[in-house]
Every structure is written in structure tokens, then in C-alpha cells.
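Me: I would like to learn how to read a protein model. Please take one feature at a time, with the general idea before the case.

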Amino acid sequence: MDPINNSRMKEQMRLNNNAEANRKASEIDSRVLREINALKPEKKPEATGYIIGGVLLGWVIGAFTGGLIGFVVGFLIPIGMWGAACGKVNDTNANIERRMKEIRAKGNADKKKAQKEADMKTQKEAAAYDTEVRKYCDRAMAKADLFTPMIDHQEMMFQRMISHADHGSNMAFVEADLVYTVTNTGITYTYHDSRYSNSIDDFNFSKKRFRDLHSPEECEGLAFALARMTLRRMKQVYPAQSMRIEVSHNDAEVTMHYRGANPNYVPPKDIF
């Protein structure tokens with residue numbers, strides 16, 4: 001499975017499961033090595049002893065038969081035995097080589113299976129995570145009025161980002177990012193151009209009399225709900241036909257990119 005770049009939580013799930021798959025792969029490699037090392041290919045017998053034996057046996061048979069044919073027959077008997085022994089070794093080693101290929105193939109198949117199981121586990125965990133996030137998002141949307149103080153703060157921060165954006169007469173459009181992250185204790189904001197943050201801008205749950213959150217799923221669920229509610233509010237503040245807001249996220253970190261018509265824009269004059 002490829003890295004999950006749009007979610008640190010899911011990427012950590014993938015890394016954890018991949019680490020387990022890699023551990024299993026290491027165990028499989030060790031098993032394959034042990035099984036292969038246990039297979040001992042045989043060596044062919046040296047021909048020298050058979051040749052000497054053939055010469056001696058040839059002399060003996062030749063002496064009894066009194067001819068060259070007897071010598072040749074006596075010589076070929078040990079040579080034939082050597083050939084048969086070599087053939088047996090070849091068969092044994094061929095079987096060993098075939099078995100080694102089977103062991104390696106099974107090892108590779110087992111490693112692929114371990115990786116596939118890791119990927120499936122990641123997908124299952126990510127799906128369960130998304131289900132929880134949607135649940136908390138839906139719960140927040142069902143009681144949107146409760147979050148009016150948060151949306152008021154979001155609107156204030158959004159308008160601040162827009163006011164700080166370049167409104168030069170040469171810019172046909174004003175562009176700004178509202179980047180916020182929902183944590184267990186509140187909402188933090190960063191300035192997209194420098195990633196600078198200031199705790200004064202944060203929305204603190206305790207100070208605003210909200211209970212803290214307790215899980216990444218709750219944080220991301222609230223982050224999604226806030227994005228929807230903020231988008232709805234900004235469409236009330238700015239004419240829909242004059243602006244566009246795009247939303248992206250990495251877990252509970254949300255970026256709302258604003259692009260609207262610049263009232264200060266002056267079209268360029270033709271020189272010639």
C-alpha cells in the first residue's frame with residue numbers, strides 16, 4: 001500500500017501494520033534459510049578410484065581370458081558403476097534444487113500474504129476510523145446552534161486572514177487560507193504563509209465552557225463539522241458569486257482556502 005499522505009493517523013496505521021508484515025517477512029526469510037541449509041547437495045564420486053579399479057579388474061579378467069576384450073570388459077565395469085553413481089547424485093541434486101525452488105516460492109508467497117493482510121488490516125482500521133469520524137461530525141451538525149461561539153470565532157479569524165491578504169490593485173482576486181486544528185483542548189490557528197501561531201488566537205474549550213475532547217476521531221469529527229458550518233456562515237457574509245472556498249484536510253487539521261474578487265483591482269492600461 002502506498003503512503004497515505006492526507007492523513008497522519010491512517011499513515012501511522014499503515015506504518016504499524018507494515019512493521020508487523022516486515023517482522024513476519026524476516027521470520028519467513030530465516031525459515032527459508034534454515035530449510036535450504038538443511039538440504040545438502042551430494043558430490044559426485046571421484047573418478048580416479050574407479051579408473052584404477054577398472055585397470056586392475058581389466059588386468060585380472062584379461063589374464064584369465066587371455067585377451068584385450070577381457071581387459072576392456074573388466075575396465076568398463078567400474079566405469080559403469082561410477083557413471084551409475086554419478087547419475088544417482090544428479091537425480092538427488094535435481095530433487096534438492098527443485099525442493100529449494102519450492103521453499104523459496106513458498107517463502108515469497110507467504111511474504112506477499114503477510115503484506116496483503118497488513119494492507120487489508122490498514123484498510124479495515126481506516127474505514128472504522130472514518131466511520132467514527134462521520135459519527136461525531138453528524139452529532140455536531142445535529143446541534144449546530146451549540147457551536148455558535150466557535151463559528152463566530154472562526155468567522156473572525158477567517159476575516160482577519162482575508163484582511164491580511166494582498167489587496168493590491170494589480171490582484172484580480174484576494175486569496176487567503178484559514179488553517180485550524182482541533183485538539184483535545186481547543187482549536188488552534190496557524191498563518192499559512194509562515195505557519196506561525198499565537199495562543200491568543202486559540203479557542204480554548206475550558207475557557208469557553210466546553211468539555212475537552214478525548215480521541216482523534218472526536219477531534220476530526222468536530223473539525224469536519226466546523227468546516228461545514230464555517231462555509232455556511234461565510235456564504236452568508238460574502239456574496240456566493242464573488243468568492244469560492246475550497247476545503248482540504250489532514251486529519252483534524254483543516255485548510256479553508258478563500259478566493260474572492262478584489263474590490264481594489266484596477267485593470268491594466270494599454271501602453272500602445
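Me: What share of the contacts in the chain with a separation of 6 or more is between residues 24 or more positions apart?

Reply: A contact means heavy atoms within 4.5 Å. In this chain, residues 24 or more positions apart account for 69% of the contacts with a separation of 6 or more. The model is predicted: local features need pLDDT of at least 70 and side-chain atom pairs count only at pLDDT 80 or more, while totals for chains, interfaces and linings use all residues. Residues are numbered from 1 along each chain as its sequence is written, and side-chain values use heavy atoms, with hydrogens and water left out.

Me: How many helices and strands does the chain have?

Reply: Helices (H or I, at least four residues) and strands (E, at least two) are DSSP runs, numbered from the N terminus. The chain has five helices and six strands. From the N terminus their order is α-α-α-α-β-β-β-β-α-β-β.

Me: How much of the chain is buried?

Reply: Buried means under 20% relative accessible area, exposed over 50%, and partly exposed in between (1.4 Å probe, protein chains only). Buried residues make up 33% of the 272 residues here.

Me: Which residues touch the most other members of the largest nonpolar core?

Reply: A nonpolar core is a set of buried Ala, Val, Leu, Ile, Met, Phe, Trp, Tyr and Cys residues joined through side-chain atoms within 4.5 Å. The largest has 37 residues, and Met 150, Tyr 180, Val 182, Ile 187, Phe 205 and Leu 226 touch the most other members. Among the elements that give two or more residues to this core are helix H3 (68–142), helix H4 (148–164) and helix H5 (216–237). H5 supplies the largest share, eight residues. A second, separate core of six residues includes Ile 28, Val 32, Ile 96 and Met 100.

Me: Is Leu 226 buried or exposed?

Reply: Leu 226 is buried, with a relative accessible area of 0%. Leu 226 is placed in helix H5. Apart from neighbours within four places in sequence, Leu 226 is in contact with Met 150, Ile 151, Gln 154, Tyr 180, Val 182 and Ile 187. Leu 226 and Gln 154 are 72 residues apart along the chain, yet their C-alpha atoms are separated by 8.4 Å.

Me: What span should the 17 residues of H4 have?

Reply: The expected span of a helix is 1.5 Å times one less than its number of residues. For the 17 residues of H4 this gives 24 Å, and the end C-alpha atoms are 24 Å apart, which agrees.

Me: Which residues of H4 are buried?

Reply: An α-helix has 3.6 residues a turn, so residues three or four places apart point the same way. The buried residues of H4 include Met 150, His 153, Gln 154, Met 157, Phe 158, Met 161 and Ile 162. What covers the buried residues of H4 includes S1, S2, H5, S5 and S6.

Me: Where is Arg 209 placed?

Reply: Most residues other than glycine have a negative phi, and most peptide bonds are trans. Arg 209 has a positive phi of about 65° although it is not a glycine. Arg 209 lies in the loop between S4 and H5 and is exposed, with a relative accessible area of 67%. Asp 251 has a positive phi of about 55°. Asp 251 lies in the loop between S5 and S6, but Asp 251 is buried, with a relative accessible area of 8%.
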